[in-house]
Amino acid sequence: MKKMMAEFKSLLGRSLFGIALLAFASCSKGFDSNELFTSSVSNSQLESPTQDEIIFSRVSNSDGSQSVKVSWPVVKGASGYECIVNIVNDPANPEEIYNKVVDGTSFTFPRERDTYYEVSVKTIGNTQLNNKDAEMAALVAYNSYVQPMPIASGDLGTAIKTVMDQYGDPEYIFELEAGGTYQLDGELDFGETIVTLTGSEAGRPIVTFGKDGVIRTAGGLTVESINFDCTEQGSYGVVECSSNPSSALAGPKDNAYYLSSPIILQKCNFKNVACCLFTVGHCTWAIEDIRVIDCIVQLNNDGKRWSNGALISGYSTDFYYEGGQQWYGGIKNITLKNNTIYNLKDNSKNRTIRFNNNTLSRVFETDDGTATIENNTISKVFNGKEFGNNTPNKAQYVINFNNNICYDVFRLQKFIQGNCTKNIDMATNTIWGVANDVDGTDKSKYATEEDPLFVGDINQELDLTKPNGGINFKANGAISSQVGDPRWR
């Protein structure tokens, strides 16, 4: 372990630099079979790739997990490679998690947080060419450990920028003080850096946005266990994509900037969101994965700030890609689970979800994707406009919509498109109209019409100093009392 810790800085820097550099660049296409099996190299003792030739990059999977991709250049005259991965948190007792012969020049293995790995790649000879196996394998250490950086109460943007400017690492965990108070008065743009911004469930810190406060990312972001006061925020999303991304982030179709790592908001409360919880911002993005889990989102949104906004918006304000090229981006996977999301104002301008582009293959390689909306209590979001628009309307796109309370919510059927693959049990969803009658399709296909009879005041601002923001959305309806956000059951 001492030896491994001694190598930690250089290995972490090299492997994570590879992650940041390669996550959005063109991936390895594997080996050229003609080059391997019809090679000019014969009657030779082959060598394994060198340590410096083995590159690590992080992959975000559709189920929310992560993997590590290991790649290296072709060794001419080889027939394959013996690849082994061990977890070596305890070097005396390695745990083998991967052992295969691969016939390409890359493989992937599951990535767990704060874990040390040893990766072995050994070249296998080709008997037809009389080439012998490499005598030794390349052994390379890789780890997923990131040292948390504590951030003291005060000016959040200045403190984080100071750390990033000083260290220049490709990944950070910024840890806010339990019970701390922070101010964000301007743009906090993490760029291509992968960031976790975390608080504490023992006492969630509060981040208060000023008029120009906004968090931006182009590299993947997780925000957890923090409360946000957005009362003074201007016409921004709480989280947006970076406004001036690098051309290195060109997507699979080369007509949108591509964000493969997820944006995750979990165990957070948001007070007085006046525009969007998330929006792509000022240019065209292809977003792979956004998740809102175990949150309370209190909107104060009448639609006047931005008529094309939404709770989750793939709609860009400017629609530009490189050189001002006009394209519509998109969001492939959206997850809303175990949340209470409610608005204090009537809104006939905004939709809950705006995909922006209903043909995902314009900016992604395929048309597949998922929208999973389960175990949510949703009130007045938004009561004068259809629930969503431009949902991908193909069988490859899967919509999971179950165990939701939809109160004063209008026209689910504009979000749940007819050609999608649908996983919906209407007996587990309830819907109730106030500003508008319940849409006929909604109550015949997607939800049971039922007044949830909420116990608490549903038009109350969050108090971020109180448990669950001081609100109570417990439902007394026959179905509603059994579904919705689990915290109220």
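Q: Two strands pair if DSSP finds at least two bridges between them; which residue of β11 stands opposite G154?
A: This is a predicted model, in which local features need pLDDT of at least 70, side-chain atom pairs count only at pLDDT 80 or more, and totals for chains, interfaces and linings use all residues. Residues are numbered from 1 along each chain as its sequence is written, and side-chain values use heavy atoms, without hydrogens and water. Strands are DSSP runs (E, at least two residues) numbered from the N terminus, and β9 pairs with β11 (residues 181-184) in the parallel sense over two bridges. Within β11, the residue opposite G154 is Y182.

Q: Which strands stand at the edges of the open sheet?
A: The sheet has 11 strands with parallel pairing, in the order β9-β11-β14-β17-β21-β24-β27-β30-β33-β35-β36. Two of these strands have a single partner each, so one side of each is left without a neighbour in the sheet: β9 (154-155) and β36 (448-449).

Q: How much space lies in the second largest pocket?
A: On a 1 Å grid over the protein atoms alone, a pocket is an open set of points where a 1.4 Å probe fits, with protein on both sides within 12 Å along at least five of seven lines; lining residues have an atom within 4 Å of a point. The lining comprises 24 residues, with R58, Q66, R113, T196 and T222 nearest the centre. Grid points are joined across faces, edges and corners, and a volume is the space filled by probe spheres set on them. For this pocket the volume is about 460 Å³.

Note on methods
Two strands pair if DSSP finds at least two bridges between them. Helices (H or I, at least four residues) and strands (E, at least two) are DSSP runs, numbered from the N terminus.
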